[in-house]
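Here is my notebook from a sitting with this model.

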Amino acid sequence: MMIRSLLRDFFASATNRSASSTAPPKPTEGLCVYAVGDVHGQRKELEALLARVEADAARMRADGLNTRIVFLGDYVDRGPDSRGVLDSLCALAKRSADGSGIACRFLLGNHEAAMLDFLKEPAANSQWLSFGGVETLGSYGVRASAGTTEPARCRALRDALDERLPDEHRRFLETLELMVAFGDYAFVHAGIRPGVALERQHPDDLLWIREPFLSSPRRHEKVIVHGHTVVERPEILDNRIGIDTGAYATGVLTAVALHGVERRILATAP
């Protein structure tokens, strides 16, 4: 994946105005955007949240708004059904592409990046097995143990996953985006490096950063909507919105709906 190229393509097509003015931030005029936090193998919670989002989106469309869903990454690992989550997201992507369903955008999370790295170089990226990869492998019928580092065993696990991974899942994972913007909002997985222009952000920061992003009070070019860092309840601040409520541990999967100057939270029950 040519990540730098993805960033260049993103900024070549982005014509949205900055949120650095004193006016309240808004998505693109006439649009309601839903951002969905980290799913982590929780298919049941994903389906429950999507039912709420789609019902809400139907009301927004009845009021004359267009609708979009942005998924913030980390679809796999930790939870019990990463394969099922990817089945659901691939079906959504297909309906989005052919116009039969709500339009969706899908971001790359650090866990998908780690999974792809393991598929390319398993021994060098065996750490994936220790932070969720074992659960993902299990969802594809591959038994593994956290902490495995022996090169031959890592290659055998990679080969088993490679054999069982549907082509549709592979294409989905390999075409995930790093950043999406609508109006005064930019959507990324983890956050951004404060003080660095959006077009110059390093992919590692977009996928992994916590500090100094989380504690920074500065206004960015756009309000950053992100997941990655688990919070007890959604954080809706002047410069960022964090919505990873730890679905794999809490059973609560969260989305934020943005339209006009409104910011509304939709979530599953624990």
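Is Arg193 buried, partly exposed or exposed? I looked it up: Arg193 is partly exposed, with a relative accessible area of 30%. The cut-offs I used are under 20% relative accessible area for buried, over 50% for exposed, and partly exposed in between, with a 1.4 Å probe and protein chains only.

A note on the ground rules. This is a predicted model, in which local features need pLDDT of at least 70 and side-chain atom pairs count only at pLDDT 80 or more, while totals for chains, interfaces and linings use all residues. Residues are numbered from 1 along each chain as its sequence is written, and side-chain values use heavy atoms, with hydrogens and water left out.

**Entry: confidence**

I checked pLDDT, the predictor's confidence in each residue on a scale from 0 to 100. The protein chain has a mean pLDDT of 93, and 92% of its residues reach 70 or more. Over residues 1-21 pLDDT stays under 50, and there the model has 44 contacts beyond four places in sequence; contact means heavy atoms within 4.5 Å.

**Entry: around Arg193**

I went back to Arg193 and found its side chain in a salt bridge with that of Asp205, at 2.9 Å from N to O. Asp205 lies in helix α8 and Arg193 in the loop between β5 and α8, so the pair ties together parts that are twelve residues apart in sequence. My salt bridge rule asks for a side-chain nitrogen of Lys or Arg within 4 Å of a carboxyl oxygen of Asp or Glu. Helices (H or I, at least four residues) and strands (E, at least two) are DSSP runs, numbered from the N terminus. Asp205 is buried, at a relative accessible area of 13%.

Next I looked at Gln201, which sits in the loop between β5 (185-187) and α8 (203-208). Gln201 counts as buried because its relative accessibility is 0%. Which backbone nitrogen does the Gln201 side chain reach? I found that of Arg193, at 2.6 Å. The Gln201 side chain also reaches the backbone oxygen of Val196, at 2.7 Å.

**Entry: other salt bridges**

I have ten salt bridges for the structure. One of them joins the side chains of Asp159 and Arg158 at 2.8 Å, N to O. Asp159 is partly exposed at 42%, whereas Arg158 counts as buried at 18%.

I also noted Arg264 with Glu262, whose closest N and O atoms are 3.9 Å apart. Shared partners join Asp56, Arg59, Glu262 and Arg264 into one network of salt bridges. Arg264 is partly exposed at 21%, and Glu262 is partly exposed at 39%.

**Entry: the core**

Which residues touch the most other members of the largest nonpolar core? Of its 77 residues, I wrote down Phe71, Tyr75 and Phe187. Such a core is a set of buried Ala, Val, Leu, Ile, Met, Phe, Trp, Tyr and Cys residues joined through side-chain atoms within 4.5 Å. Leaving aside neighbours within four places in sequence, the contacts of Phe71 include Val36, Leu46, Leu50, Cys104 and Arg105.

**Entry: cysteines**

I searched for disulfides, meaning pairs of cysteine sulfur atoms within 2.5 Å, and the count came to zero. Cys32 is in none, as the nearest cysteine sulfur, that of Cys104, is 13 Å away. Cys32 counts as buried, at 0% relative accessibility. Cys90 is in no disulfide either, with the sulfur of Cys104 nearest at 12 Å. At 5% relative accessibility, Cys90 counts as buried.

Conventions
A polar contact is a pair of N or O atoms within 3.5 Å; within protein, one must be able to donate a hydrogen and the other to accept it, and residues adjacent in sequence count only if both atoms are side-chain atoms.
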